[in-house]
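Hi,

Here is the structure I promised to pass on. Have a look at it first, and then read my notes below.

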Amino acid sequence: MEEFLTIYDVNKDKIEDFILNSIHNLGNIKDYQKSNYANLFSIFPSLELVYTVNKDTKIQNSPNYYKKRIDKSANNESRTYILDKLHFKDKNTAFSSPYISSATRSNCITLTIKEEDIIIFLDFKIETLLERLELIELNKPFHTLTKIFYGMAGFSLALLALFLIIYSLGSFLTSMVLHGDFTLDAIFKPIIALTLGIAIFDLAKTILEQEVYFKSYSRNSKVDTKMVTKFLITIIIALSIEGLMVVFKIAIENYTQMINALYLISGISFIIIALSIFIYLTSKKYK
């Protein structure tokens, strides 16, 4: 949702001018009340709610008109708190800043229009408004499908990470308590499994955050870079622990095989160098 607000803030003047120009071409908005503002809802898919307020008392004097229903429970409510936060475009029209509507539970902006003795309030859903103005690309069916897919993948990775953690702890306790095995393998293998579990869980968390719960609708290279960097650092830690274990094991059992440990450590060093270059180039790009 932060992304929506950022896009809206960048294009705020254009969006407000577009809405005002469209509204002014419709004539008196008060006349649409006869049809419960049905024509307005058909013209503006982003319009969620319409109601009127007495210009002098600031008390709502109409029901809440939604696209497919009417709610009379909000009648006679004071709307002073909204009027105090408006910024006027001219003497008869004003916009609110983005906020979460208590009526619709969605992020919206409110346009107010003074006509005769009333003030007409029109709430526009920010997400739909940005989509209609082609400031974001949002396909509802495809979005739902991708959320389901990424949700399944993310939770599966999280379960796999949990399994690795349980396996590592079970392996450690079995080796130490039941078999009395105090070898390097018994100590380092659970550590490697735990580290890999952390890396997998971190990847699952990033997928769920970026693609399921806080879906990004524009390509954010900075987020992708952060995810790749964080994941690779965890993998490097796991490989470094594995390399340390190989060095100790070869030094104790077969010193002539030390060249294999050198290959492994050299490979890890190349990964670290490559990651360092990647971080340097990407940080330079965002300066």
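Strand β1 (residues 47-54) is largely enclosed by the rest of the structure, because 7 of its 8 residues are buried (under 20% relative accessible area; exposed is over 50%, partly exposed in between, with a 1.4 Å probe and protein chains only). Helices (H or I, at least four residues) and strands (E, at least two) are DSSP runs, numbered from the N terminus. β1 runs antiparallel to strand β8 (residues 118-125), with 7 bridges joining them (strands pair if DSSP finds at least two bridges between them). Leucine 47, for instance, has phenylalanine 124 in β8 as its bridge partner.

Before you go further: this is a predicted model, where local features need pLDDT of at least 70 and side-chain atom pairs pLDDT 80 or more, while totals for chains, interfaces and linings use all residues. Residues are numbered from 1 along each chain as its sequence is written, and side-chain values use heavy atoms, leaving out hydrogens and water.

There are two charges over rings (NZ of Lys or CZ of Arg within 6 Å of the ring centre and within 35 degrees of the ring normal) to look up. Arginine 69 lies over the face of tyrosine 66, 4.0 Å from the ring centre, and arginine 79 over that of tyrosine 51, at 5.1 Å.

As for the UniProt record, its unreviewed entry puts "transmembrane region" at residues 148-167, 187-208, 228-252 and 258-281 (numbered as here, names shortened, and annotations may be inferred rather than shown by experiment). In the model, residues 228-252 are 100% helix, with end C-alpha atoms 36 Å apart. Residues 258-281 are also 100% helix, and their end C-alpha atoms lie 35 Å apart.

Cheers
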